[in-house]
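I opened this notebook to record what I looked up in the structure shown below.

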Amino acid sequence: MFTQNPDIEFVEENRSCSYFDERISDIRYKYIYSCSSSQYQAMLERGWRRFGKMHFVPECKSCTKCVSIRIDVQNYKFSKSEKRVIAKNRDTKLYIRPPSMTMEHLNLYDKYHKFMNDKKDWPYSPIEPNDYLKSYVEAKEEFAKEFLYVRDDKLIGVALVDILDKSISAIYCYYDHDYADLSIGKFSILAQIKIAKELNIPYIYLGYWIKDHFSMGYKKAYEPFEVLENRACFEEKPIWKKNEL
């Protein structure tokens with residue numbers, strides 16, 4: 001029997017780890033043609049992330065350094081330094097809309113990753129439009145949004161964000177380092193926290209945190225937060241606990 005647009009699930013084992021050169025990783029993938037909000041919420045609570053229609057979760061046999069993390073929105077208090085970041089961006093315009101792709105998007109994406117290649121030795125090659133579409137635009141579910149940050153009529157930052165009734169998922173953010181004084185990456189998370197507070201959304205999922213890691217350790221700054229203690233399948237209850245590390 002022919003089934004149109006079937007979902008696909010598979011595991012990629014013994015692949016190079018994205019965060020540690022000397023380690024290998026095992027990643028479970030699930031390609032979901034149309035993901036409902038309730039299904040996606042259950043996946044977020046169990047540590048899944050997504051790019052486009054592809055969802056994934058680490059299942060590394062010998063390592064648990066990647067820890068799923070979510071901000072406790074209700075108890076979050078903006079620090080003095082965070083209030084200064086918000087104040088610096090009072091003239092930064094924020095537009096929230098469904099994901100899209102323009103040459104401005106692609107040029108800014110490439111500029112950001114070229115900078116990160118020079119600064120942190122990230123792999124770099126200009127992104128193909130079709131790859132951008134698949135990763136950031138293709139899954140136009142109702143909850144999928146992009147936050148566009150504009151200054152002087154110029155696009156200086158893009159954040160891909162999912163907004164559900166019970167959670168916000170911060171998927172990815174890239175920005176123009178020529179505006180480093182505005183701390184757009186940090187401002188983007190703070191803007192999401194403000195929106196979550198206004199909408200009474202209890203959690204913002206930040207993906208994976210790796211303690212003291214040069215690229216992934218920054219998420220610890222957004223306290224209070226909770227960490228996922230177990231690798232729960234969909235028949236099991238996920239265990240989230242307040243961070244005490």
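In which order do the eight strands of the open sheet lie? I read the order as β6-β7-β8-β9-β10-β5-β11-β12, with mixed pairing. I took strands as DSSP runs (E, at least two residues; helices are H or I, at least four), numbered from the N terminus, and pairing as at least two DSSP bridges between two strands. At the edges I found β6 (93-97) and β12 (240-242), each pairing on one side only. The twist from one strand to the next averages 30°, with axes fitted to C-alpha atoms and angles running from 0 to 180 degrees between N-to-C directions.

On provenance, I note that this is a predicted model, in which local features need pLDDT of at least 70 and side-chain atom pairs count only at pLDDT 80 or more, while totals for chains, interfaces and linings use all residues. Residues are numbered from 1 along each chain as its sequence is written, and side-chain values use heavy atoms, leaving out hydrogens and water.

G157 has Y175 in β9 as its bridge partner.

I then turned to the four-stranded open sheet, which has the order β1-β2-β4-β3 and antiparallel pairing. β1 (8-16) and β3 (49-51) each have a single partner strand, so one side of each lacks a neighbour in the sheet. β2 (residues 24-31) and β4 (residues 54-58) run antiparallel and are joined by five bridges. The bridge partner of R28 in β4 is V57.
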